[in-house]
Amino acid sequence: MTDRRSPDAFATRPWATSPPPRDPDMDAVPTMLAQEERDFYHWLTSSWTQDAGDVVDLGCYLGGSTARLAAGHAAGRKMSTIHAYDRFTSDERTKERILYRQGIPPFEGNDIFPISQRLLAPWSDRVRLRRGEIEAIGWDGGPIELLVVDAFKKADLTDVMTDQFYPWLIPGKSLIVHQDYLHWSQPWVAAQMELLGEAVTPVAFARDDTVAWLVEQPLTPAKLTAARVAALSDAELLDLLAQAEARFEGWGLAPRLALSARALRANPGARMAWQMKMPG
Ligand SMILES: C[S@@+](CC[C@H](N)C(=O)[O-])C[C@H]1O[C@@H](n2cnc3c(N)ncnc32)[C@H](O)[C@@H]1O
């Protein structure tokens, strides 16, 4: 039998070959995730985690990612806690693009917390909502088995959140799931993973943008200092992206990383996702 912790556990892509059954509570929560990413998140908590630590969802917006993690967690009868972090606010454009198109009736204002609470109520015994700026809340301590990241939108805050959460990952037992690994607007995410070197191994890609990494070694303060991204020059980031491109050649993902490099060249010095303009 394949060891769940081994990269081989991901090789057959069980989340894609046996997607979870329909769940009206889960499907009712709007999300920015693509279908394969939704199925992957459900599989991670239903089948992969073993209650070795908690589940952390950094940047859950309304809770779409959290709902998929929570439904899997319930299906797998897991006992850990899922911590879902966000400001729980939304601008009008995102309300229209995500919420209204996925069935939420139009509403006034930018506060989406009450809607999240209501939609995530079926899993309130396993989900803890952490409202505010992630870097201000931080982590209370205790092992993290699954760290899902969709909040590394600024290079400087990437370093701050990394120092807060990565030290609690368990070597050989934890995954970092980067929802934006392949998104051209955040090249520092791929750069960070290159800088972590042999401490992490990529184990899965889920369309559109997610790459999951197994933590192989303790993420010590020295390793995290060496993996800081905010002070890297464009040239250093481009070198690391080239390294990532070579690493993912066999996965068919090199063109995606090449696009991230083109985006950085087209937006010199940009270190915030929203400053990046799509390269022509
Ligand atoms: C792309 S959205 C998340 C989508 C979500 N994972 C889903 O499945 O639909 C990114 C979220 O990260 C949150 N975020 C980014 N940086 C943050 C920070 N420093 N503190 C709190 N929330 C943050 C934003 O509020 C936003 O809701």
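## The largest pocket

Helix α6 supplies four residues to the lining of the largest pocket, the largest share. The model is predicted: local features need pLDDT of at least 70, side-chain atom pairs count only at pLDDT 80 or more, and totals for chains, interfaces and linings use all residues. Residues are numbered from 1 along each chain as its sequence is written, and side-chain values use heavy atoms, with hydrogens and water left out.

The lining comprises 43 residues, and Met-32, Thr-94, Arg-97, Asp-150 and Lys-153 lie nearest the centre of this pocket. Two or more lining residues come from each of α5 (64–75), β2 (82–86), α6 (92–99), α8 (134–137) and α9 (155–165). Helices (H or I, at least four residues) and strands (E, at least two) are DSSP runs, numbered from the N terminus. The space in the largest pocket is about 1400 Å³. On a 1 Å grid over the protein atoms alone, where a 1.4 Å probe fits, a pocket is an open set of points with protein on both sides within 12 Å along at least five of seven lines; lining residues have an atom within 4 Å of a point. A volume is the space filled by probe spheres set on the points, which are joined across faces, edges and corners.

## The ligand

In total, 19 residues surround the ligand, the closest being Thr-31, Met-32, Gly-59, Asp-86 and Glu-135; a residue counts as near if one of its heavy atoms lies within 4 Å.

Polar contacts are pairs of N or O atoms within 3.5 Å. A polar backbone atom of Met-32 is 2.8 Å from an oxygen atom of the ligand. A nitrogen atom of the ligand lies 3.0 Å from a backbone N or O atom of Gly-59, and a polar side-chain atom of Asp-150 lies 3.4 Å from a nitrogen atom of the ligand. The ligand taken alone exposes 600 Å², of which the protein buries 91%; these areas come from the Shrake-Rupley method with a 1.4 Å probe.

## The second largest pocket

About 160 Å³ of space lies in the second largest pocket. Among the residues that line it are Pro-19, Pro-20, Pro-21 and Arg-68. Helices α3 (24–27) and α4 (35–48) each supply at least two lining residues, and α4 gives the most, with three.

Definitions and conventions:
A polar contact is a pair of N or O atoms within 3.5 Å; within protein, one must be able to donate a hydrogen and the other to accept it, and residues adjacent in sequence count only if both atoms are side-chain atoms.
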